[in-house]
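Dear colleague,

I am passing on the structure below, together with notes on what was found in it. Could you read the notes beside the model and tell me where you would look further?

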Amino acid sequence: TKNKGKIDGNTTNASKRKSEVQITDISPAIENSNDWCLAKLSMMKSFNPSLNSFLIPCYVASGICDKPNVLKYDIANTLYLQVNCPVVCPELILLSDYGQTTLDFGAISVGQRTTKTVLLQNVSDKTIDLHSSYLNTEGPFRLTNALRSIEPNGTQAIKFSFQPNAITEFLETIELTTMSSKLHLCLKGNGVKPNVQLSFDTNIFSMGCVLAKDRVEKTFQLQNHSDMQVTFKIDLLSLSMNNRYKENNQNVWTNFNDDKHFLGPQNLSGRSVFDLSPMEGVIQAGGKKTISIIFSPDHESDYFSDLVQITISDQPTKLEFRVRGSGRQSTMYVKSIDQSNVLQKSLLPNIENILQTISNDPTERIQTNILVVLRSQYINGKYIQAEKEVIIGCSTVTIGPKKNGDFTFDPTKEINQFGFNVDITKSTVEVGTEKIVKVTWLPPANFEANETSRTSIGLTTKGDVIKYWKLIIIGYIETSPDKRSSRTTKRTGTISRTSAVQTRTGRGGNEENQKVSNSTVFVGTTL
C-alpha cells in the first residue's frame, strides 16, 4: 500500500509539471512587414463572413439653446437608425510577394525593359471574371497578358513590364476588379542612366604585331559602376557587308588614313581578323566583365583595323573604340612615320616599281627601303636640330620558339659627315616589344637653305630570318611656300633625268649611282 501511495504521488507531480506551460511574450508584427502581410493573407483565406447590426438613437430637439451647443429635447422625439454591416471575404487575394500590393521594379536603365509577375487567387466558391483599369498609354508600365476567368480556388499570373523613357521615378496604380471586390496594385520604378566604363582610357586598343597565320589574345574589362545590372551587346564594323564593301572600294591598305578609315583590310581567307568573346551578356551591379580579343591575320599588313561598338542596356549612346594590329611575314620589322606617306603623296605612278628597277642583279642581297624625312628650321641665325623616330620591333610569336631579335646599323660614319646621326646603332628587341630609334639631323653651319641633304644607311635585322633594310634619309630646311615650290620644281626635273639614266644603265650601273638615284627619287616624291 505504501508503494502504491508513492507511485501515485510521483504520477501526480509529473502531471503537474507537464501541465505547466511557459507563456512567451510575442511582440506584434510591424505593419506592412512580411510577417504582418502573411498573417493578413492567412486571415483573409480563412475568414468567415458575418453580419453586424448597430442601432443608433437620434434625438430631435427644437428651440433656442440656453447654453452653447446645449438644447433641451423630448425623449418622445427620438428616431432610431439601424445600420447593418455585413463583413464578407474578398473574392480575390494577392499571393505573390507575401501579399504586398506594391510592385517595385527598382532602378532600370532608360530604354531597357524588364518584367515582373504577380499571382492572384480566387478564394470564393464561384467563378469570377477579372477586369482592370487602364494604365497611362504614354507611361512606362504595361499589362502584357490578357485577363481571363478564374475558377474557385484557382490562380492566375499577371505580367507587368516596365520600360522607363526618362531619368525619373515613376508611380502608377492599377485597379483589378470582380463583381464584388477590388484589388489595387501600386506599380513603382525608377529610370536611371547606366554608368559603364572601359578598363582603358585610350580610343585605340593595340594588339601589337603578330606573325601572319599566327594569333594573339588580349583582354579588357567592362566595369559597371551603376547600382543595377546592365546588359551589353558588342558589334564589329567589319561584320556589316555594306561597310566592308565601302572600305574595300577606298583601297585602304595602300592609302590608310586614321581620321577617315575605321576598317582596315580583311583576311584573304574570309575569316574575321578580330574576334571578341563574349559578344553579349549581363553585368551585375558594381561588377565587371572580361572581354577577350583575338587577332589572327593571314597576311602582312600594317593597317589591320576595326571599330568596336558596345551597346549598354539598349542605350542610344554607345561605347566605341578602335582595335588595331599589324601582321608580318617575319619576326623583325621596321616602321617609319614617313613610309606610309610615300604612297599617298607620290608624284610618280608607282614608287615601288621604280625602286625595284634600280637593281636587278640576282647576286645582290635584297633590301627594303625605309624613308626618313627630316625638316630643320633656321631661327635666330642658327639651324634647329630635326628629329624623327624609326620603330624596330619583334613580332609576338605563339607558335614555335620565342626568340628575341637583334638589329645593327652600319656604317654610321658616312651619315655623320652630313650632320645625320642614329642614337642606337645596335641593340636587342624582346619578343612582342618595340624599340624606338631616333634619327637626328643638324645641318652644318655652311649648309645652303635651298639645298637638300640626302644619304642612306644600312640596317640588318636578325630574327627568324636575316633581313636587310636601307634607310634613305633626306634633310631639308623648311622655308616659305614660295621658295618651297621653286625648289620642288627644280628637283622634279632632276628626277626625270636621273630615272632615265638609271633605266638605260640597267645592271651595269655602279652602286654609288644607284644610291644617288634612290635618294633623288624620294626627294621628288616628298617635296
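This is a predicted model: local features need pLDDT of at least 70, side-chain atom pairs count only at pLDDT 80 or more; totals for chains, interfaces and linings use all residues.

Leaving aside neighbours within four places in sequence, Phe274 is in contact (heavy atoms within 4.5 Å) with Met207, Leu236, Ile293, Ile294, Phe295, Phe304, Ser305, Asp306, Val323, Arg324 and Gly325. Phe274 is found in strand β15, where helices (H or I, at least four residues) and strands (E, at least two) are DSSP runs numbered from the N terminus. Its relative accessible area is 2%, so Phe274 is classed as buried, the classes being buried under 20%, exposed over 50% and partly exposed in between, with a 1.4 Å probe and protein chains only.

Residues are numbered from 1 along each chain as its sequence is written, and side-chain values use heavy atoms, with hydrogens and water left out.

The chain as a whole

The secondary structure comes to eight helices and 29 strands, and of the 527 residues in the chain, 36% are buried. Among contacts between residues at least 6 apart in sequence, 71% join residues at least 24 apart. The accessible surface comes to about 31,500 Å², of which 50% belongs to carbon and sulfur atoms; areas of this kind come from the Shrake-Rupley method with a 1.4 Å probe, and for residues only the protein chains shown count as cover.

Strand β14 (residues 230-236) has a covered face made up of Val230, Phe232, Ile234 and Leu236, whereas Thr231, Lys233 and Asp235 form its uncovered face. Strands are said to pair if DSSP finds at least two bridges between them. Four bridges join β14 to strand β16 (residues 280-283) in an antiparallel arrangement, and there Thr231 has Val282 as its bridge partner. β14 also pairs in the antiparallel sense with strand β18 (residues 301-312), over five bridges, and in β18 the bridge partner of Leu236 is Val308. Leu236 is also one of the residues that Phe274 contacts.

Backbone details

The peptide bond from Ser277 to Pro278 is cis, with omega near -5°, and Pro278 lies in the loop between β15 (274-277) and β16. Two residues other than glycine have a positive phi: Asp97, with a value near 55°, and Asn380, with a value of about 55°. Asp97 is found in the loop between β3 (92-94) and β4 (102-109), and counts as partly exposed because its relative accessibility is 47%. Asn380 lies in the loop between β21 (367-379) and β22 (382-384), and is exposed because its relative accessible area is 77%.

Aromatic rings and a lysine pair

A search of the whole structure finds 18 aromatic pairs, taking rings of Phe, Tyr and Trp (its six-membered ring) as paired if their centres lie within 6.5 Å, with planes under 30 degrees apart counted as stacked, over 60 as edge-to-face and the rest as tilted. One of them joins Phe200 and Phe205, a tilted pair with 5.2 Å centre to centre and 55° between the planes, and both of these residues are buried. Ring pairs also link Tyr378, Tyr383, Phe420, Trp441 and Phe447 into a cluster.

Lys159 lies in strand β8 (residues 155-162) and is partly exposed, with a relative accessible area of 45%. Not counting residues up to four places away in sequence, Lys159 touches Lys116, Thr117, Arg142, Leu143, Thr144 and Asn145. Lys159 and Thr117 are 42 residues apart along the chain, yet their C-alpha atoms are separated by 4.4 Å.

Cysteines

How many disulfides does the structure hold? There are zero, a disulfide being a pair of cysteine sulfur atoms within 2.5 Å. Cys58 is partly exposed at 33% relative accessible area, and Cys89 is also partly exposed, at 22% relative accessibility.
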